Every structure is written in structure tokens, then in C-alpha cells.
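These are my notes from one sitting with the model.

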Amino acid sequence: MTKENAKILIVDDNEMIRDVLEEILSMEGYDVQCCSNATEGLECGHSDPPDLFILDITMPDIDGLELCRRLKSDPATMDIPVIFISGLIGMEEKIAGFKAGGVDYITKPFQNLDVLIRVKTHVELRKKTQILESMNEWLEEKVEKRTRELRLAKESAEKANNAKSEFLANINHEIRTPLNGVLGMLKLMGNCEMNDDLEMYHNLADFSARHLSAVFSDILDYTQLDSDSMRFNYESLDIHKLVENVCLLQREHAQNKGLELKWELTGDRTEFVCDEIRLVQILNNLLGNAVKYSNKGEITLRCHLSDDLNIEVEDQGVGIPSERTEEIFTPFLQLESPYTKEHSGTGLGLAISRNLCQAMNGALSVNSKPGKGSCFTLKLPEQKARFPKPPVEHNKGGAENLRILVVEDNTINLYLLENILEAAGCRVFQALNGEEAMEELEASDPDIVLLDMGLPRKSGLEVIREIRAREKYRNLPVIAVTAYSHKDDLDRFEDAGINAVITKPVSEDVLIDTIMLHSARD
Ligand code: ADP
């Protein structure tokens, strides 16, 4: 809209005024239309809306103020500016004009130039407002389109992430189950008579299977941390005892390389709420690396417990170039070239350790000089214990004669569990699927159930729900023995009534300890 084609509608009962206004405005290039009364003005304005109204106030049928109010309530004309042109010169009239919706007020007799300037100002204002409105509309459309695209992208990323988590949960289950069989059978084989050659082959196979299991656990831990699906179990720990136990174990490795490992325990207290398994994992990684990457000197662990837990692990080993100290926390990154590397490892240990610290709101950093050694610093704040620790009634009588129902569809794992349990003196009953489990439960009246959660037809979850639904089994200890380790899975098992979870590959010690802990028998 330019000045030349801007449309102006004049409503005035005075013909002379109409003619003067029409003449001066037409000469300026406006497209002018005139009406001699308000009713006509309303019709014209509605059917062919102008860009500006000029209204007289005193008119015979409807006065200009009322006409303005009606124009302002009609959606077709409500946004069009109205200028009053009137012989009423009092302040009250002017205020009434603005209240009715006018944007300007010109008094008669008027100066032509005054009218032209005011009309020009309001026509231009309207033009700019219209441009702004259309830009706003365009922007809103753009934002809406972009929001729609982002929503779709987010939905597809969530789908991909869910698919990844599902894939990992499945692959985890599929690998852990046979790995459990391999490790377990090697363990049983270790109890058999073997000649020297067989014993060496057995030891090498056992070492390789353990290594594979550790590598696989690292990959799984890393992906769980990355997708925020790792579950932490916070409980009150005796930190000095825990650190000492880790150091005693690592001292053996250090001594094998001719290194000395020392530890210093200080602070105002020893109890601290943290995740035991994860803290031990971080300390083993730091101490293991200190041993691995040192050929001489001492390794010192300093542990100080006040409000937070502060631990330093210092070595006098090969050290790290200063520009690479952050790189070593990158997953899969190792400073040694893969073609000439002397040390084994996946390059995941420090990435996992740092992510574990961060997931527990702590930090892990390093200070190092090539040839002079490294010092790793771990800081962890105290956590809130998940549940107040229940008073545990330990089974002081051992596992002998405990009646145990094992529900497991994998025959190798079943055989393995049976062997471990029978060696501990337990009486074992078996069920190969969920349906058999319920029948066998009635028939064998067990002290404890070991339940695989991934079963054909009727899942472990369905089995535990059915067990808990029967009054007489409400307090029967049921331990899940499973390859599932995702946070959501474990939460679901516990919510359904599982008392404890043992993840595959099953360690004989963990299995027997857990059974003893949950069979409250004197
Ligand atoms: P891995 O030890 O399995 O290679 P880590 O993530 O634990 O993986 O360590 C990553 C890299 O950081 C190692 O490959 C090594 O190059 C370097 N590194 C870790 N700890 C030390 C240390 N104490 N001294 C020197 N280099 C280290």
C-alpha cells in the first residue's frame, strides 16, 4: 500500500467539507470515497474497507462517535484508524473521540496542510503496522513449522535411543547367558583331575573367558552410563575398611612388578554413604592403571574423609604429556599406539570411572608429568542411602539342607547352578519354565527360589507376581538370577517382589552369600 493507492473514506453530512477534503486528498494521490451519513458509511466501510476513516461527529442519523464504536466492533473495520474532524472544539469532545476509538482529532475550520500531515502519518503508521503483522504471521508460521520439525526429530531420536537400549539389553542377555555357561563349566572343570597340558589349556581358557567377561562388562557399563540407565545402590560403608581391602588386593599385583603400594587413611569419620560396587570399581581402575603404567617406584593412595570423600592415587610411572591429560578420559582412547602397545585394556576404564564419579555428582581429574608419574584425584559427595539398611538376619547355619527351587530354561546354566548348590549341601529342585515353576513350588515347598527372569512363555516377572499373589508365599525369598542389568529392569523386578538380584555371569561366592543372607534360618 503506497500513499497513491491508500483508500480513504470520508463520512460527513456537510457537502462542502466533503468536497474540500476529497479535493485536497485526491490531489495528494489518495483514493477517496465519500458518504453523507453514518448508515451509508457503515455499509461502505464493511463492504470495501478503506485504509483510513475521516468522520464528522455531528451528523443527523447516527453521530460520528457511535459510528466509530460500531466500526471498532466490526472485525472487517476494527483495525482501521479513525480521524475525527469536527466543529466541537472542547477537551471533553476530544476525549470522547479518543475513547470511542479514534486515533486523531482535527477541529474545524481546518488547515489543509494540517489534515494532509495527519492523514499521511496515520496511513504510514497503518502501512507499517500491516507489514509488522504480516512479518509476525510469517514468523509464527516459521516457528510452528520448525517446532513441528523439531518434535518429529526428537520423536525419531527417542525411538532410535529406545531401539539402542533395547538392542543393548537383548545383546547383554544373549551374551551373558552363554558366557555364564562357559565360565561356570570352566570352574567345574577346575575341580576335575587333569594332566599338566590339560590344566594349562584350562587355565588359559579360564583367563580368556574372564578377560572377555571384563571387556564386555566395561562396554555395558559405558553404554549404561551414556544412556543414563545405570542403577546405583547407596548404602552406608566403612570407607577405611573398603579402601584397605582394595589396596590389599592391588598390592599383590604391584609386588609382582616389584612396586610398593602404600595407603594413608585420614579424616574425622569412617562411615560414608556411597555405592560400594562402583567405588571399588573406580579404585581398582586407578590402582590397576598405576601398577600397569609404572615400572619403578611407589604407588600411594591417600584417602581423606570429612564432609566429602577425597582420594588421591599417585604413581611414579611413565606419566602423561600435559596436552593429553584430558584425552585419557575419552572412551576407547589409549596413549600407546595400537600397533606397538605393551599393555592390554579397552581404553574404557577412565571414561567409565569419570562418568561414574559425575553420575554420583563427583569429579575425577589428573595431574601428570611424562617420566615423573601421575596423580589422579577423586572427589565424591555423600549420597542419601536408598533405604535405611534393614536389620539382616544372617543364616548362621550355612547352606546345608536348604531346599532350593531353581527356575532356569538354559540347561547349561541349570546344570551349573545345581552343581554349585549341591556342592554346598543344598537340596535342589528344578523347573524349566514359568508354568513348571508354579507346579514345582507347590510340590517341593522350597526355602528359597532362584528365578531366571527371561523364561519362555511365562516370564520371570509373571512368575514372581503369581508367587506374591499367594498368601503363603508372600514372604518366600525369591532371588532373580538374570542377565538383565538395566536400571529399569531391576526396578521392575524389585517392584514385583524380588528380594535380591544376582547378575550373570554368576559368581559362586556371591550366589552362596546371597542365599545365606536371604534364608533367615537359625
Ligand atoms: P586402559 O588402561 O584400558 O587403556 P583407561 O581408560 O584406564 O584404559 O586409560 C586410558 C589411557 O590413559 C591408558 O591407555 C593410558 O595410556 C593412560 N593412563 C591411564 N592411567 C595412567 C597412569 N597411571 N599413568 C600413565 N598413563 C595412564
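I took two strands as paired if DSSP finds at least two bridges between them. Helices (H or I, at least four residues) and strands (E, at least two) are DSSP runs, numbered from the N terminus. The model is predicted, so I noted that local features need pLDDT of at least 70 and side-chain atom pairs pLDDT 80 or more, while totals for chains, interfaces and linings use all residues. Residues are numbered from 1 along each chain as its sequence is written, and side-chain values use heavy atoms, with hydrogens and water left out.

**Entry 1: the mixed sheet**

I looked up the bridge partner of Glu260 in E9 and found Glu298. E7 and strand E9 (residues 298–305) are parallel and share eight bridges. I then followed the whole sheet: five strands, open, in the order E7-E9-E10-E12-E11, with mixed pairing. Strand E7 (260–267) and strand E11 (363–369) are at the edges with a single partner strand each, so one side of each has no neighbour in the sheet. The twist from one strand to the next averages 10 degrees. For angles I used axes fitted to C-alpha atoms, for helices over the stretch in contact, and a range from 0 to 180 degrees between N-to-C directions.

H8 lies across E7, E9, strand E10 (309–315), E11 and E12, at about 20 degrees to E10. H9 packs on the sheet as well, touching E11 and E12, and its direction makes about 135 degrees with that of E11.

**Entry 2: the ligand**

Which elements supply at least two residues each to the shell around the ligand? I found helix H8 (276–292), helix H9 (349–359) and strand E12 (373–380). H8 gives the largest share, three residues. I counted a residue as near if one of its heavy atoms lies within 4 Å. On that basis 20 residues surround the ligand, and the closest are Asn289, Lys292, Asp315, Gln334 and Leu350.

I sorted the shell by class, with Ala, Val, Leu, Ile, Met, Phe, Trp, Tyr, Cys and Pro as nonpolar, Asp, Glu, Lys and Arg as charged, and the others, Gly among them, as polar. The shell has nine nonpolar, nine polar and two charged residues.

An oxygen atom of the ligand is 3.0 Å from a polar backbone atom of Gly347. I also noted a backbone N or O atom of Gly349 at 3.2 Å from a ligand oxygen. A polar side-chain atom of Asn285 lies 3.4 Å from an oxygen atom of the ligand. The protein covers 97% of the 530 Å² of accessible area that the ligand has on its own (Shrake-Rupley method, 1.4 Å probe).

**Entry 3: the parallel sheet**

I traced another open sheet of five strands, in the order E14-E13-E15-E16-E17, with parallel pairing. Its edge strands are E14 (427–431) and E17 (500–503), each pairing on one side only. Neighbouring strands are turned by 20 degrees against each other on average, direction ignored. Four bridges join E13 (residues 403–407) to E15 (residues 448–451), and Leu405 has Val449 as its bridge partner in E15. Helix H11 (residues 434–444) lies across E13, E14 and E15 and runs at about 150 degrees to E14.

**Entry 4: backbone**

I found a cis peptide bond from Lys108 to Pro109, with omega near -5 degrees. Another cis peptide bond joins Lys504 and Pro505, with omega about 0 degrees. Pro505 is in the loop between E17 and helix H14 (508–518). Phe332 has a positive phi, near 70 degrees, and is placed in the loop between E10 and H9.

Technical notes. Contact = heavy atoms within 4.5 Å. Polar contact = N/O pair within 3.5 Å; in protein donor to acceptor, adjacent residues only side chain to side chain.
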